[in-house]
Amino acid sequence: VAETKAHGHARQLAAAAVADGAEAIVVLGGDGTSMQAATALANSEVPLGLLPGGTGNVLAGNLRLPTTVVRAVELITQGRTRQIDLGRLDRDDGLHYFGVACGAGVDARVMGETAAGEKKRLGIGGYFQTLFRVIPAVRSVPFAVTVDGRRIEAPGAMVLVLNCGVLIPPLVNVRRGAALDDGLLDVIILAADSPWEVIRGAARTFLNVVIDGGEAPYLRYARGGEVTVAASMTQPVQYDGDVAGTTPVTAIVQPGALHVFAPDS
């Protein structure tokens, strides 16, 4: 058992354990800590076990993992694993991976402005508290999003690059057909210039999951293996809840890069 001491420490601990011949790595934490460990395990045969202990535990929710630590441990001891895709980011400070999503715009601002104490005290409610505070100032900027060589120019308050479709498991699904093992990344570009337009865009996104209503002038979709997001005004970037500098950012899917303890897909 090793305790993380600072941001990035989970990656160092996991890498050292793999070098020492560990047969599996188990993380008690949230999506950020899990992805730090996953970075050390990507494209290896060493599986990752997830124990829910973070703010959102979104990746665990998409994998339909148990929501209590004891039950999650029981699943790990059964030894059943599956392979999932990861998104890869090459940033100035090195290589990073995401299992849920990376984003540019208001979502990254919310992640960056939510204090650790608020996340610990309120859980995912800490993010909503920050969102309600920043919504009045939400404005769209011109984005240029390139997906497998196809350029999309559209205004947006937020661009999401998704590795899975459910952002608040099991209730909030934002992309029909998105899967952790489909070898693709899904893109959502949402434009909004007022609180009402944020609500309108969110409602249309959720509705499209149910009836597949398609795009709207304020909502664009794309799907591919490599996604580059640039903006006319520099926007903050996040990946699985961790702030990662500013635009531009390129995400590349890594099919089947991670073995995880989980039920069948």
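## Strands, cores and salt bridges in a predicted model

Gly87 lies in strand β3 (residues 81-91); helices (H or I, at least four residues) and strands (E, at least two) are DSSP runs, numbered from the N terminus. This is a predicted model, in which local features need pLDDT of at least 70 and side-chain atom pairs count only at pLDDT 80 or more, while totals for chains, interfaces and linings use all residues. Residues are numbered from 1 along each chain as its sequence is written, and side-chain values use heavy atoms, with hydrogens and water left out.

Gly87 is buried, with a relative accessible area of 0%. Here buried means under 20% relative accessible area, exposed means over 50%, and partly exposed is in between (1.4 Å probe, protein chains only). Not counting residues up to four places away in sequence, Gly87 touches His96, Tyr97, Phe98 and Ile252, where contact means heavy atoms within 4.5 Å. Ser34 is 53 residues from Gly87 along the chain, and the C-alpha atoms of the two are separated by 14 Å.

**Strand β5 and the cysteines**

Strand β5 (residues 101-105) is mostly covered, with five of its five residues buried. Two strands pair if DSSP finds at least two bridges between them. By that rule β5 runs antiparallel to strand β8 (residues 158-162), to which five bridges join it. Within this pairing, Met158 in β8 is the bridge partner of Gly105. β5 also pairs with strand β14 (residues 236-239), again in the antiparallel sense, over three bridges. Cys102 stands opposite Tyr239 in β14.

Cys102 counts as buried at 2% relative accessibility. A disulfide is a pair of cysteine sulfur atoms within 2.5 Å, and a search of the whole structure finds zero of them. Cys164 is buried, with a relative accessible area of 1%.

**Helix α4**

In helix α4 (residues 69-78) the buried residues are Ala72, Leu75 and Ile76. Seen down the axis of α4, these residues fall within an arc of 100°, so they line one face of the helix; the arc is that of the directions from the helix axis to the C-beta atoms. Val70, Thr77 and Gln78 are exposed on the other side of α4. The cover over the buried residues of α4 includes β1 (25-29), β2 (48-52) and β16 (249-261). Just after α4, Gly79 has a positive phi of about 80°.

**Nonpolar cores**

A nonpolar core is a set of buried Ala, Val, Leu, Ile, Met, Phe, Trp, Tyr and Cys residues joined through side-chain atoms within 4.5 Å. The largest such core has 52 residues, of which Leu48, Leu59, Leu63 and Leu258 touch the most other members. Leaving aside neighbours within four places in sequence, Leu63 is in contact with Leu50, Arg82, Ile84, Leu180, Val260, Ala262 and Pro263. A second, separate core has 24 residues, among them Ala104, Ala154, Val229 and Val237. In soluble globular proteins, nonpolar side chains tend to be buried together.

**Salt bridges**

A salt bridge is a side-chain nitrogen of Lys or Arg within 4 Å of a carboxyl oxygen of Asp or Glu. By this rule the count comes to 10.

| Pair | N to O distance |
|---|---|
| Arg175 and Asp186 | 3.4 Å |
| Arg223 and Asp186 | 2.5 Å |
| Arg220 and Glu215 | 3.4 Å |

Arg175 and Asp186 meet in a salt bridge. Arg175 lies in the loop between β10 (172-173) and β11 (185-190), and Asp186 lies in strand β11, so the pair ties together parts that are 11 residues apart in sequence. Both Arg175 and Asp186 are buried, Asp186 with a relative accessible area of 1%. Asp186 also forms a salt bridge with Arg223. That pair links distant parts of the chain, 37 residues apart, with Asp186 in strand β11 and Arg223 in strand β12 (residues 219-224). Arg223 counts as partly exposed, at 36% relative accessibility.

In the pair of Arg220 and Glu215, Arg220 is partly exposed, with a relative accessible area of 25%, and Glu215 is partly exposed at 40%. Elsewhere, a network of salt bridges links Arg109, Glu113 and Arg133.
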